[in-house]
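Welcome to this short tour of a protein model. Have a look at the sequence and turn the structure around before reading on.

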Amino acid sequence: YKKVENLNVLVVNVGNKQVQIQVNTTDIDNTNYLFIDWGDGTNETINLPLNSYLEINHTYPNYGEYSLRAEEKNEEGSTLQQWTALIKLREFNQVT
């Protein structure tokens with residue numbers, strides 16, 4: 001099993017405790033998938049189709065810091081690549 005040669009993972013804060021992972025895939029074995037540990041006790045598994053752009057959204061329950069981990073895995077569950085990000089969600093205060 002080969003890892004995805006061109007797999008780009010980008011984490012974007014879209015506001016209101018919501019984060020988006022943007023994934024571009026090319027040259028992929030169609031049995032690979034992305035495992036995401038959002039760092040708040042929830043996780044999910046996404047199939048990685050060939051030549052695709054995916055947006056995966058997640059809303060955190062509270063403001064704070066979360067350690068996000070994403071892993072590309074093969075059908076046996078072996079990790080091929082891994083990414084981590086520290087998510088810092090802060091509530092904005094209005095000055096009156």
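## The overall picture

What pattern does the protein follow when read along the sequence? The pattern is β-β-β-β-β-β-β, with zero helices and seven strands in the protein. Here helices (H or I, at least four residues) and strands (E, at least two) are DSSP runs, numbered from the N terminus.

Please keep in mind that this is a predicted model, in which local features need pLDDT of at least 70 and side-chain atom pairs count only at pLDDT 80 or more, while totals for chains, interfaces and linings use all residues. Residues are numbered from 1 along each chain as its sequence is written, and side-chain values use heavy atoms, with hydrogens and water left out.

## Surface and interior

The protein has 96 residues, and 34% of them are buried. Buried means under 20% relative accessible area, exposed means over 50%, and partly exposed is in between (1.4 Å probe, protein chains only). The protein exposes about 5,900 Å², with carbon and sulfur atoms supplying 42% of this area; accessible areas come from the Shrake-Rupley method with a 1.4 Å probe, and for residues only the protein chains shown count as cover.

## Strand 6 and its neighbours

Let us turn to strand 6, which covers residues 64-73. Seven of its 10 residues are buried, so this strand is mostly covered. Strand 6 runs antiparallel to strand 3 (residues 33-37), and five bridges join them. In one of these places, Phe 35 has Glu 71 in strand 6 as its bridge partner. Two strands count as paired if DSSP finds at least two bridges between them.

Strand 6 also pairs with strand 7 (residues 79-89), again in the antiparallel sense, over 10 bridges. Strand 6 and strand 7 form a hairpin with five residues between them, and Gly 77 in the turn has a positive phi of about 90°.

## Lys 73 at the end of the strand

Is Lys 73 buried or exposed? Lys 73 is buried, because its relative accessible area is 15%. Its bridge partner in strand 7 is Thr 79. The side chain of Lys 73 has a polar atom 3.4 Å from the backbone oxygen of Gly 77.

## Salt bridges

How many salt bridges does a search of the whole structure find? The search finds four, where a salt bridge is a side-chain nitrogen of Lys or Arg within 4 Å of a carboxyl oxygen of Asp or Glu. One of them joins Asp 37 and Arg 69, whose closest N and O atoms are 3.3 Å apart. This pair links distant parts of the chain, as Asp 37 is in strand 3 and Arg 69 in strand 6, 32 residues apart. Asp 37 is partly exposed because its relative accessibility is 23%, and Arg 69 is partly exposed with a relative accessible area of 25%. Arg 69 also forms a salt bridge with Glu 71, with the closest N and O atoms 2.5 Å apart. At 6% relative accessibility, Glu 71 counts as buried. Asp 37, Arg 69, Glu 71 and Lys 73 are linked in a network of salt bridges.

Another salt bridge is formed by Glu 65 and Arg 90, and here the closest N and O atoms are 3.0 Å apart. Glu 65 lies in strand 6 and Arg 90 in the segment after strand 7, so the pair ties together parts that are 25 residues apart in sequence. Glu 65 is partly exposed at 45% relative accessibility, and Arg 90 is partly exposed with a relative accessible area of 47%.

Note on methods
A polar contact is a pair of N or O atoms within 3.5 Å; within protein, one must be able to donate a hydrogen and the other to accept it, and residues adjacent in sequence count only if both atoms are side-chain atoms.
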